[in-house]
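Me: I'm new to reading protein models. Could you walk me through one?

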Amino acid sequence: MPELAGLRCLVTGGARGIGREIARAFAREGADVAILDIRIEQACETADELELFGYRALAIAADVSSETEVRNAIEQAERAFGGIDVLVNNAGIIDTAPVVEMSTEMWDRMIAVNLRSVFLCTRAVLPGMTARGFGRIINISSQLGHKGAPNMAHYASAKSAIIGFTRSLAREVCEDGVLVNAICPGAVSTDLGGDIPDDLRARRLAEIPLGRFGHAAEIGPTAVLLAGPGGSFYVGATMNLNGGDVMV
Ligand SMILES: NC(=O)c1ccc[n+]([C@@H]2O[C@H](COP(=O)([O-])OP(=O)(O)OC[C@H]3O[C@@H](n4cnc5c(N)ncnc54)[C@H](O)[C@@H]3O)[C@@H](O)[C@H]2O)c1
């Protein structure tokens, strides 16, 4: 019996990168998976690939920072699947600037896409989960939420706040059968950071005891653990998958 048989999952930002690998891992384990992403063509390609595992897959176009788009997208997924049991808040962006040069627009955009989205998507799925007495919410934070990073105060602030949100909501809804946890990946090779200059790459690698960046596929098994029966005693946890970069 696959680990996630019968579960109906929604992964934000599942068109590519870490989200796509989580979506693949879920489908491989028997779950139906809806992908919510602004990159709709890539989301459709990923959904087509997921269907090959033999379960339902769906791509929905939405900007996770928009309250209306999130509400409509989650209603669409709930109608198609009959409910959402597992939400992975994964969609995110990155950019860099020293605080003194950071525009207010840049700050607000980062907080809207990387943090407000987590609140909006979670609030939209919670009534169904609590009514059914079962749910799993997995928030993708970052090791930078623990560690911080120069020129990324807006990103690290959003990722730290996701940890606070996770712990608060976990306490709020665990008695309703909804378990809320976070994954804090270390540096993972995806399209997110674009081309890292060689000197910065070498400096970042030198900080990682394991001596390499992570692969997106290395995040999927932890998401499966938290979504499935093996995750039944995790409440407000932060899972730190980072090659030893931050040991907490
Ligand atoms: N790659 C890393 O090193 C790393 C490390 C720690 C945490 N993370 C986090 O993991 C998550 C995924 O990152 P990734 O590396 O796979 O990035 P990625 O850029 O490969 O994927 C991000 C996905 O989110 C989608 N997205 C972006 N903005 C969106 C919006 N407004 N509405 C809907 N979808 C949107 C993109 O289209 C894309 O499919 C992010 O939250 C990121 O902060 C990444």
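Predicted model: local features only at pLDDT ≥ 70, side-chain atom pairs only at ≥ 80, totals over all residues.

Me: Which residues of α6 are buried?

Reply: Start with the general idea. An α-helix has 3.6 residues a turn, so residues three or four places apart point the same way. In this case, the buried residues of α6 include Y155, A158, I162, F165 and L169. H154, A156, K159, T166 and A170 are buried too.

Me: What covers the buried residues of α6?

Reply: Among the elements over them are the helices α4 (104-132) and α5 (144-147), plus the strands β5 (135-140) and β6 (178-185).

Me: Now the whole chain. How many helices and strands does it have?

Reply: Eight helices and nine strands. Its radius of gyration is 17 Å, close to the 18 Å that the globule rule gives for 248 residues, so the chain is as compact as a globular protein of that length. Buried residues are 47% of the 248.

Me: And which residues are closest to the ligand?

Reply: G13, G17, G92, T190 and L192, out of 26 residues that surround the ligand. Sorted by class, that shell holds twelve nonpolar, nine polar and five charged residues. Helix α1, residues 17-28, gives the most to the shell, with three residues.

Note on methods. Residues numbered from 1 in each chain as written. Near = placed C-beta within 6 Å. Helix = DSSP H or I, 4+ residues; strand = E, 2+ residues; numbered from the N terminus. Nonpolar A, V, L, I, M, F, W, Y, C, P; charged D, E, K, R; others polar. Rg over C-alpha atoms; globule rule 2.2 N^0.38 Å. Buried ≥ 20, exposed ≤ 12 C-beta atoms within 10 Å, placed from the backbone. Contact = placed C-beta atoms within 7 Å.
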